[in-house]
Amino acid sequence: MKNVIFILLLSLPLSMSLKADGVNPAVNGKESIQKIFSKKDIQKLADAYVHNNLHIENPAIVDVDGDGLFDLLKFNDGNIEYYKNIGTLDKPEFVLENKHYDSYKEASFLKTGMPMPVFFADKDGDGDLDLFAVKDIGFNTLTQQNEYKVYAEENALGMDTGTLITIILVLVIVLLLLAILR
């Protein structure tokens, strides 16, 4: 699974820097809300975010504004679009909040994009965001629901999300170059 996560993170931008490193900053003058999520919690929430009201494929799912609700980030040709959740945690509804939330330079000659949706949420209560990759297993005809497998990776070094993504992206690029030159 670690190889899948390396490949997954290849398509994330070098300059992404969400504030999610321990103590949450004040958002609109109040402390942000941070909840602990298990793989099972993410698995239950996955369908509402994977099949979101805007049909955004493979988003990064993270609480951008600190209100306790997951928002969506869409990576699109060097531009990051931010979609705010105006619904609830279980029944999200997304609206475009900022079409040019951030930008990035593509560090690869390969087509970039997220191969699967990822959630960034605290899984162990240490205050930093951990990675949950969501893989669609398929539709269960018995339960009449989509089923998902969730993989979780701990942010053991306590680094902010942007730093972790940058380190992993550099390592993946080196590995890809070595494989190409082989």
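The entries below go from the overall picture to the sheet, its hairpins and the cores.

**Entry 1: confidence.** I began with a reminder to myself that this is a predicted model. The mean pLDDT of the protein is 77, and 71% of the residues reach at least 70. Next I asked which elements have the lowest and highest mean pLDDT. Helix H1 (residues 2-10) is lowest with 39, while strand E5 (residues 79-85) is highest with 94. I also marked residues 1-30, where pLDDT stays under 50; the model has 73 contacts for them beyond four places in sequence.

**Entry 2: overall make-up.** I counted 3 helices and 9 strands. Following the sequence, I read the pattern as α-β-β-α-β-β-β-β-β-β-β-α. Of the 182 residues, 40% are buried. The protein exposes about 10,200 Å², and carbon and sulfur atoms supply 56% of that area. I then looked at contacts between residues at least 6 apart in sequence: 54% of them join residues at least 24 apart.

**Entry 3: the sheet.** In what order do the strands of the open sheet lie? I traced 7 strands as E6-E5-E4-E3-E7-E8-E9, with mixed pairing. The edges are E6 (94-103) and E9, each of which pairs on one side only. On average, neighbouring strands are turned by 25 degrees against each other, with direction ignored. Helix H2 packs on this sheet, and I found it touching E3, E4 (71-76), E5, E6, E7, E8 and E9. The direction of H2 makes about 125 degrees with that of E9.

Entry 4: I looked at E5 with its partners. E5 is mostly covered, with 6 of its 7 residues buried. Antiparallel pairing joins E5 to E6 over 6 bridges, and Asn 85 stands opposite Phe 94 in E6. E4 and E5 are also antiparallel, over 5 bridges, with Leu 72 bridging to Tyr 83 in E5. These two strands form a hairpin with 2 residues between them. In its turn, I noted a positive phi of about 45 degrees at Asp 77.

Entry 5: Is the pairing of E3 (residues 60-62) with E7 parallel or antiparallel? I found it parallel, over 3 bridges, and Ile 61 has Phe 119 as its bridge partner in E7. Phe 119 has a bridge partner in E8 as well, namely Phe 132. E7 (residues 118-121) and E8 (residues 130-140) run antiparallel with 4 bridges. E8 then meets E9 (residues 145-153), again antiparallel, through 9 bridges; Ala 133 pairs with Tyr 151 there. The E8-E9 hairpin has 4 residues between its strands, and Gln 144 takes a positive phi near 60 degrees.

**Entry 6: the cores.** Which residues touch the most other members of the largest nonpolar core? Among its 21 residues, I listed Ile 42, Tyr 49, Phe 70, Phe 119 and Val 134. The elements that give two or more residues to this core are H2 (39-50), E7, E8 and E9. H2 supplies the largest share, 5 residues. I also found a second, separate core of 13 residues, including Ile 80, Met 116, Val 118 and Leu 131.

Terms used:
Residues are numbered from 1 along each chain as its sequence is written. This is a predicted model: local features need pLDDT of at least 70, side-chain atom pairs count only at pLDDT 80 or more; totals for chains, interfaces and linings use all residues. Side-chain values use heavy atoms; hydrogens and water are left out. Two strands pair if DSSP finds at least two bridges between them. Buried means under 20% relative accessible area, exposed over 50%, partly exposed in between (1.4 Å probe, protein chains only). Contact means heavy atoms within 4.5 Å. Accessible areas come from the Shrake-Rupley method with a 1.4 Å probe; for residues, only the protein chains shown count as cover. A nonpolar core is a set of buried Ala, Val, Leu, Ile, Met, Phe, Trp, Tyr and Cys residues joined through side-chain atoms within 4.5 Å. pLDDT is the predictor's confidence in each residue, from 0 to 100. Axes are lines fitted to C-alpha atoms, for helices over the stretch in contact, and angles run from 0 to 180 degrees between N-to-C directions.
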